[in-house]
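Please read them with the coordinates open.

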Amino acid sequence: MSGTESRTDSPAARLQALFEGHRLTPTQRRIAHSMVRRAADVPFLSSVELAELAGVSQPSVTRFAVALGFDGYPALRRHLREVAPAEQSADSASFNEYQQAVEAEIENLRHLADLLADPRPVRQAGRLLAASRPLPVLGLRAAASQAYGFAYFAAKVHPDVRLLHEGGTMIQDRIDGTVRAGASALLCFALPRHPREVVDTLAYAKEAGLTVVTVADSAFAPVAKVSDLLLPAAVGTGLAFDTACAPMLLGRVLLEAMCDDLPDAQARLEEFDARAAARGLFVE
């Protein structure tokens, strides 16, 4: 099997495919999300261990397996053992906790590469974002830095980017302002723990007529129900605070897709470079 084949047929990708097409409850989406994040380990977990991993009850795990069409959790686990590799890296046992966190992020990036094998959702998102004038970019709490980074670079090629990174009673006013100015889409970065305010804000944006494009940690995230197009990119959970390399990279991929639909993007970048050089903005 080639490296490309193994990436596009990873345990996480196969789990994701297993869950697609099923109407899952919020508790079941939480179990599914936990399984995707620990895809290599899940075939060897008992129902009790999976329940502890997801923070749910053991009967919830059983009901989840039945919802997927299996007789119970043992049948689901047998299926997972058949479709997932039974080996882990020989070096993984020797990694310390910091190396394990890095290895987990590498796996998240591999999973992102699997998803990008079908570029159509990202290209669709790029078209929506490029066409929105202005373009509101939302990210609160843990996702604020992701929104800021996207907005910083997007402003170099898009004529009107509006960063929404502070919550509170004014945020709906700012959504209204972008709609009055002609916005047609909103980009949201949504990372755990998911603030209720983000879900409420996206619902308000949809009611206001905006098409919501969301980068979230999972297709089963709470923001899925208030997003028109959700692009998943997993976060790392091995350290005290989550790591978000994959969402950051997906944001850069979205920038690239948006530039493809902005005919004057290259001219704007060249103009910025010329002005930066004239001002001595950067140290050479």
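1. Helices (H or I, at least four residues) and strands (E, at least two) are DSSP runs, numbered from the N terminus. On that scheme, P134 sits in the loop between α8 (120-131) and β1 (135-138). The bond joining R133 and P134 is a cis peptide bond, with omega about 5°.

2. Some ground rules. This is a predicted model, in which local features need pLDDT of at least 70 and side-chain atom pairs count only at pLDDT 80 or more, while totals for chains, interfaces and linings use all residues. Residues are numbered from 1 along each chain as its sequence is written, and side-chain values use heavy atoms, with hydrogens and water left out.

3. R193 belongs to the loop between β3 and α11 (196-207). R141, in the loop between β1 and α9, has a positive phi, near 50°, and is not a glycine. For context, most residues other than glycine have a negative phi, and most peptide bonds are trans.

4. Now the domains. The assignment gives domain 1 (9-81) and domain 2 (106-277); such bounds come from an automatic or database domain assignment. Their C-alpha centres lie 29 Å apart. The contact (heavy atoms within 4.5 Å) takes 11 residues from domain 1 and nine residues from domain 2.

5. How much area is buried between domain 1 and domain 2? About 950 Å², and carbon and sulfur atoms give 61% of that. Buried area here is the accessible area (1.4 Å probe) that two parts lose on being put together, summed over both.

6. α3 gives the most, with five residues.

7. Salt bridges across the interface number zero. The rule wants a side-chain nitrogen of Lys or Arg within 4 Å of a carboxyl oxygen of Asp or Glu.

8. Aromatic pairs come to five. Rings of Phe, Tyr and Trp (its six-membered ring) pair if their centres lie within 6.5 Å; planes under 30 degrees apart count as stacked, over 60 as edge-to-face and the rest as tilted. One of the pairs, F150 with F189, is tilted, at 5.9 Å centre to centre and 55° between the planes. F150 lies in helix α9 (residues 144-154) and F189 in strand β3 (residues 185-190), so this pair ties together parts that are 39 residues apart in sequence.
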